[in-house]
Amino acid sequence: MIPSPVYLDAATAAPLHPVARQALLAALDDGWADPARLYSAARRARQLLDAAREATAETLGVRPDEVSFTASGTSAAHTAVLGGLHGRRRTGGALVHSAIEHSAVLHAAEHHAARGGTAVEVPVDRLGRLDLAAWSAAVAGPGVALAALIAASHEVGTVQPVEVAATACADVGVPLYVDAAQMVGRVPVPAGWSVLTASARKWGGPPGVGLLVVRKGVRWESPWPADERESGRTPGTLNLPAVVAAAAGLRAAAADAAEHAIRLSPLVDRIRARVAAEVPDVEVVGDPERRLPHLVTFSCLYVDAEALLHALNRRGFAVSSGSSCTSSTVRPSHVLEAMGALSHGNVRVSLHSGNTEADVDRFLAELPQIVAELREQAGVVGL
């Protein structure tokens, strides 16, 4: 009998929220026209876009004219980084970022460096926490145009000291860009940032919608060719039905976020404790206290990550392994390497609002035997 599937990869994409689904279906009928035109259907589309922007801004506590929608979270991150650097190019060409940024930010940094800029990487400790002394020194260096800090690690769940890092940036006049993809719609985003991005599919919106927020007064300039849409920040025609669904899903997810965090956090604690106790030669990584409520990562020694991923999938568990943001194949995680943590047999479990205690207990009941079988197949026994 094939086991019923258990989806445990919400950090990649949460299931579509029922409110987002309802809004998407309605907007497909009512929001197909170009909101830039003047006829009746277009004016209705404009109303839907304006309402989506206002709802998103209200949820985030920002102004509607600070909010732009993009084609993905990746494009939002690229635009945030390159736009922040472009807007302050007269100040200098240095980008400061943590060692555990999402690959989208690291790729933007590589793009910048390939064109004559510089990128300064700030280390983290064993738990994935930013080295604040090194950060403060780096942002105070000459020619720093922008600093980038992920609000909470997408791989290990460690929440970063954003407000303290932001204060260090403010003291030297450097804007702070925050990748808040794992926070928006789940937990409150810390204050102090100048530019923020997120991805709708993380909070239960549809794929193909990113969020870019640039606060008023920030020296930021679009790095792309001129376009009249989205205040000139990001080019191209929006998928308006998806944007409407994303905004509706965000409002609904944020309204229930505290309740879900209270329910999911103990389940993550259960995973952390029982995996460490019941699976030999395993390392649970990330900060056990300053962490996201829905995410836990552990690494199993003497186990091939890809083999473990497939074995779990055969038993009905959808999880991530390795650096899921960098490739469809399992590769060593730059985040775990930066932390000095074990990367063999790496598994990331991330819960969504629909996960139950029974899902977690079933996963915990089956995991030790799956790991033991893989070790036996690899000839690793009796160690």
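Helices (H or I, at least four residues) and strands (E, at least two) are DSSP runs, numbered from the N terminus. In these terms the protein chain has 10 helices and 12 strands. The model is a predicted one, in which local features need pLDDT of at least 70 and side-chain atom pairs count only at pLDDT 80 or more, while totals for chains, interfaces and linings use all residues. Residues are numbered from 1 along each chain as its sequence is written, and side-chain values use heavy atoms, with hydrogens and water left out.

The overall dimensions come next. The C-alpha trace of the protein chain spans about 70 × 55 × 35 Å along its principal axes.

Residues are sorted by relative accessible area: buried means under 20%, exposed over 50%, and partly exposed in between (1.4 Å probe, protein chains only). Of the 383 residues of the protein chain, 53% count as buried. A contact means heavy atoms within 4.5 Å. Among the contacts in the protein chain with a separation of 6 or more, 73% are between residues 24 or more positions apart.

The interior can be described through its nonpolar cores. Such a core is a set of buried Ala, Val, Leu, Ile, Met, Phe, Trp, Tyr and Cys residues joined through side-chain atoms within 4.5 Å. The largest one has 56 residues, and F69, V96, W135, A147, L176 and W203 are those with the most contacts inside it. Helix 7 (residues 240-278) gives the largest share of this core, nine residues. A second, separate core has 28 residues, including L267, F298, V347 and V349. To return to L176: leaving aside neighbours within four places in sequence, its contacts include W135, A147, A148, L149 and V162. Also in contact with L176 are A166, C169, W193, S194 and V195.

Charged side chains form another set of links. A salt bridge is a side-chain nitrogen of Lys or Arg within 4 Å of a carboxyl oxygen of Asp or Glu, and the structure holds 21 of them. One of these joins R44 and D30, with 2.7 Å from N to O. R44 lies in helix 2 (residues 40-60) and D30 in helix 1 (residues 18-30), so this pair ties together parts that are 14 residues apart in sequence. R44 is partly exposed at 34% relative accessibility, and D30 is partly exposed with a relative accessible area of 34%.

Another salt bridge is formed by D50 and R46, whose closest N and O atoms are 3.3 Å apart. Both lie in helix 2, four residues apart, about one turn of the helix. D50 is partly exposed at 29%, and R46 is partly exposed at 33%. R63 and D65 also meet in a salt bridge, at 2.7 Å from N to O. Here R63 is partly exposed at 44% and D65 is partly exposed at 32%. Elsewhere, salt bridges that share partners join R270, R274, E278, E357 and D361 into one network.

Some loop residues deserve a separate look. S231 is found in the loop between strand 8 (210-214) and helix 7. Its phi is near 55°, a positive value in a residue other than glycine, and S231 counts as exposed at 61% relative accessibility. D281, in the loop between helix 7 and strand 9 (282-285), has a positive phi of about 55° although it is not a glycine. D281 is partly exposed, with a relative accessible area of 40%.

S320 sits in the loop between strand 11 (317-318) and helix 9 (334-339). At 6% relative accessibility, S320 counts as buried. Its side chain is joined to that of D9 by a polar contact of 2.6 Å. A polar contact is a pair of N or O atoms within 3.5 Å; within protein, one must be able to donate a hydrogen and the other to accept it, and residues adjacent in sequence count only if both atoms are side-chain atoms. Leaving aside neighbours within four places in sequence, S320 is in contact with D9, T12, L309, N346, V347 and R348.
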